[in-house]
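Dear colleague,

Please find below the structure that I am handing over to you. My findings follow directly after it.

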Amino acid sequence: MAEKGRTVGIKDVAREAGVSVGTVSNVINRPDAVPEATRVRVQRAIARLGYVRSESARQLRAGRSRIMALLVLDMGNPFFVDVARGAERAAREAGLGVMVCNSAQNPREEAAYLSLFAEQRVRGVLVTPADADGGNLAAFRRHRIPFVLVDRVAAGTSECSVSVDDVAGGRMAVGHLAAAGHRRIAYVSGPGHLQQVLDRREGALAALEEAGLPPETLRELPTERLDVAAGRDAGHRLLGLPERPTAVFCANDLLALGVLQALYAAGVDVPGEMAIVGYDDIEFAAAAAVPLTSVRQPAANMGALAAGMLLEETGPQAREHRHRRVVLQPELVVRDSSLIRR
């Protein structure tokens, strides 16, 4: 028996079963190559001692990790939960696991996690960048660990990416509101360093131009975060504007749900007095007190495609891999929150 408090190793199992270390290794890695009686004896010794093989040691010997990392902006956002679900499904089918981490939209947190991934020598990284300048990824690149951008195409990178055309999404959202007759529209935008926020604003302004409306039609209300609390705060600011908008486009559904809560608490009718359009079409959008019109992103598919690219780049045919950028198209899902025509 191993000493109390000491990690049980493969030598302990071999001693307990009365076999060689090589035989124990074969039972763990190639059980069909070991006679049944010996295999059973070793398996019983493993069970008695509670032996668990060291995956990190195995990976060092093989030179290849079985873990890919996923670093997202906010795991409190169901959109990124769906991205993680898609990535996990693709990884599991390939016999790999996924380590999911949250940068909290903070470039410093992102840098710390990228450093951790390098230390752990993960197989590769799926990342939605929080650092607008791309400095974190530039520093990470020196470790020669492959990465794929998710929900983003970053300037100055040639790596694979899977994203959604957010300019088109913003155009859909505000085009829908303009077509309904709205002439005072707010954009609850989120942190200004996030490219997704900027792209959705660009699409919103393009929709106004197409509708023959001046850019001043759009009143931007930035927030520090992309969550419900920030949306509630933006909703209170909306209510305090001297010339209140008749519609609001939010950079994501969590912001939109927060705005909806603020308007509901103030007795503002949605969509009669103010229409709302969100972005992402998370599960809660359809289940809101007033079902939320939203721009749908194929989140799970995005995660699966990104994981597939990483598997290609790190698999047996890695030398044949060529970086590519996949841009998916969004879809406007119209519900009660924006249906009243003006």
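I begin with Ile67, which has a relative accessible area of 31% and is therefore partly exposed. This residue belongs to strand S1, which covers residues 67-72. Although Ile67 and Leu96 are 29 residues apart along the chain, their C-alpha atoms are separated by 5.7 Å. Please bear in mind throughout that this is a predicted model.

Overall architecture

The chain contains 13 helices and twelve strands. Its radius of gyration is 26 Å, whereas the globule rule gives 20 Å for 342 residues; the chain is therefore more spread out than a compact globule. The C-alpha trace spans about 85 × 40 × 30 Å along its principal axes. Of the 342 residues, 50% count as buried. When contacts between residues at least 6 apart in sequence are considered, 70% of them join residues at least 24 apart.

One further separation may be of use to you. Gly212 is located in the loop between H9 and S7, and it counts as exposed because its relative accessibility is 64%, the cut-off being over 50%. The C-alpha atoms of Gly212 and Arg325 are separated by 33 Å, and the two residues are 113 apart along the chain.

The cavity

How many cavities of 30 Å³ or more does the structure hold? There is one, and the space in this largest cavity amounts to about 140 Å³. It is lined by 16 residues, of which Leu73, Asn77, Phe80, Arg200 and Leu226 are the closest to its centre. Two elements give two or more residues to the lining, namely helix H5 (78-93) and helix H9 (195-210). The largest share, three residues, comes from H9. By residue type, the lining of the largest cavity comprises seven nonpolar, five polar and four charged residues.

Helix H8 runs over residues 166-179, and Asp166 lies in it. The end C-alpha atoms of H8 are 20 Å apart, which agrees with the 20 Å that its 14 residues should span at 1.5 Å a residue. The helix is mostly covered, with ten of its 14 residues buried. These are Asp166, Val167, Ala168, Gly169, Gly170, Ala173, Val174, His176, Leu177 and Ala178.

Asp166 itself has a relative accessibility of 4% and so counts as buried. Leaving aside residues up to four places away in sequence, Asp166 touches Asp151, Gln196, Asp199, Arg200, Tyr279 and Gln297. Of these contacts, Arg200 has already been named among the residues closest to the centre of the largest cavity.

Asp151 sits in the loop between strand S4 (147-150) and strand S5 (161-164). With a relative accessibility of 4%, Asp151 counts as buried, since the cut-off is under 20%.

Helix H10

Is the length of helix H10 in agreement or in disagreement with its number of residues? The 13 residues of H10 (residues 228-240) should span 18 Å at 1.5 Å a residue, and the end C-alpha atoms are 19 Å apart, which agrees. Ala230, Gly231, Ala234, Gly235, Leu238 and Leu239 are buried in this helix. An α-helix has 3.6 residues a turn, so residues three or four places apart point the same way. The buried residues of H10 pack against strand S6 (185-188), strand S7 (218-221), strand S8 (247-250) and helix H11 (253-265).

Further backbone features

Most residues other than glycine have a negative phi, and most peptide bonds are trans. Ala104 is placed in the loop between strand S2 (97-102) and helix H6 (107-120). Its relative accessible area of 27% makes Ala104 partly exposed.

Finally, the peptide bond from Val270 to Pro271 is cis, with omega near 15°. Pro271 lies in the loop between H11 and strand S9 (275-280).

With kind regards

Terms used
Residues are numbered from 1 along each chain as its sequence is written. This is a predicted model: local features need pLDDT of at least 70, side-chain atom pairs count only at pLDDT 80 or more; totals for chains, interfaces and linings use all residues. Side-chain values use heavy atoms; hydrogens and water are left out. On a 1 Å grid over the protein atoms alone, a cavity is a set of points where a 1.4 Å probe fits but cannot get out, and a pocket is an open set with protein on both sides within 12 Å along at least five of seven lines; lining residues have an atom within 4 Å of a point. Grid points are joined across faces, edges and corners, and a volume is the space filled by probe spheres set on the points. Helices (H or I, at least four residues) and strands (E, at least two) are DSSP runs, numbered from the N terminus. Ala, Val, Leu, Ile, Met, Phe, Trp, Tyr, Cys and Pro count as nonpolar, Asp, Glu, Lys and Arg as charged, and the others, Gly among them, as polar. The expected span of a helix is 1.5 Å times one less than its number of residues. Buried means under 20% relative accessible area, exposed over 50%, partly exposed in between (1.4 Å probe, protein chains only). Contact means heavy atoms within 4.5 Å. The radius of gyration is taken over C-alpha atoms; the globule rule is 2.2 Å times the number of residues to the power 0.38.
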